[in-house]
Amino acid sequence: MLFSCKQKKELPILSKTILSSETEEIVSNSIIEFELTNQLGQDFGSQKLANKVTVVDFFFTSCPTICPVMTSHLKMVQHAFAGNERLQILSFSIDAKNDTPMVLRKYAQNYSIDISNWQLLTGDQSKIFALAKDFKVRAFDDSMQNERNLIHDGTFVLIDQRKRIRGYYNGLEKKDTQRMIIDIKTLMD
């Protein structure tokens, strides 16, 4: 008989932990609840993350620099799991003023995004910035007067089936996106 010495890779839980003040047991270590609107004008909330592995990023459709790169890398992820209903991608727009559902739908069409498992989300900008903070990524509006200045980093966040953060990846690096694909497979095993 042959035995494998190779152990299954275990991903850390990176979500903040909330303890019960009475029992000091873990009550929750999942992300905050949200309710936003997708590219089809439909409601989409955090309850739809349950039982799915989710990749999250923050972007805006008129971003001329890092967003197209991040979108192309997310398309690699989508392609790697084509037809797998256990994966979803959520792209949160940080430009609620301009990124209406119709604009998000056009963006999806322009980038040939399969929207069956990729939601482009918009809604109250302050709630989206609060989500970014909860996900521990940078996304904020640094605009002054008439000069627009939306800022976000290029991070992908990996969420498990129990809505816990399990990894951070540089969405601008193809190699790190490939590492995330391996970690997604680990969560699905």
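Me: In which sense do strand 5 and strand 10 pair, and over how many bridges?

Reply: Strand 5 and strand 10 pair in the antiparallel sense, over three bridges. Pairing takes at least two DSSP bridges between two strands. Strands are DSSP runs (E, at least two residues) and helices likewise (H or I, at least four), numbered from the N terminus. This is a predicted model, where local features need pLDDT of at least 70 and side-chain atom pairs count only at pLDDT 80 or more, while totals for chains, interfaces and linings use all residues. Residues are numbered from 1 along each chain as its sequence is written, and side-chain values use heavy atoms, leaving out hydrogens and water.

Me: What stands opposite valine 56 in strand 10?

Reply: Valine 157 does. In strand 11, valine 157 has tyrosine 168 as its bridge partner.

Me: How do strands 10 and 11 run, and how many bridges join them?

Reply: They run antiparallel, joined by five bridges; strand 11 is residues 165–170. The two strands form a hairpin with five residues between them. Lysine 163, in that turn, has a positive phi of about 65 degrees.

Me: Why is strand 10 described as largely enclosed?

Reply: Because five of its five residues, 155–159, are buried. Buried is under 20% relative accessible area, exposed is over 50%, and partly exposed is in between (1.4 Å probe, protein chains only).

Me: Which residues of strand 10 point which way?

Reply: Thr155, Val157 and Ile159 go one way, Phe156 and Leu158 the other.

Me: New topic. Are the faces of strand 7 covered or open?

Reply: Both are covered. Trp118 and Leu120 on one side are buried, as are Gln119 and Leu121 on the other. Strand 7 pairs with strand 6 in the parallel sense over four bridges. The chain gets from strand 6 to strand 7 through helix 2, in a right-handed β-α-β crossover. Right-handed means that, with the strands pointing away from the viewer, the path from the first strand over the helix to the second runs clockwise.

Me: What's the phi of serine 112?

Reply: Near 50 degrees, a positive value in a residue other than glycine. Serine 112 is in the loop between helix 2 and strand 7. Serine 112 is exposed, at 55% relative accessible area.

Me: Where does lysine 136 sit?

Reply: In the loop between helix 3 and strand 8. Lysine 136 has a positive phi of about 65 degrees, and counts as partly exposed at 47% relative accessibility.

Me: Last one. Which side chain makes a polar contact with threonine 61?

Reply: That of aspartate 99, at 2.4 Å. A polar contact is a pair of N or O atoms within 3.5 Å; within protein, one must be able to donate a hydrogen and the other to accept it, and residues adjacent in sequence count only if both atoms are side-chain atoms. Threonine 61 lies in the loop between strand 5 and helix 1.
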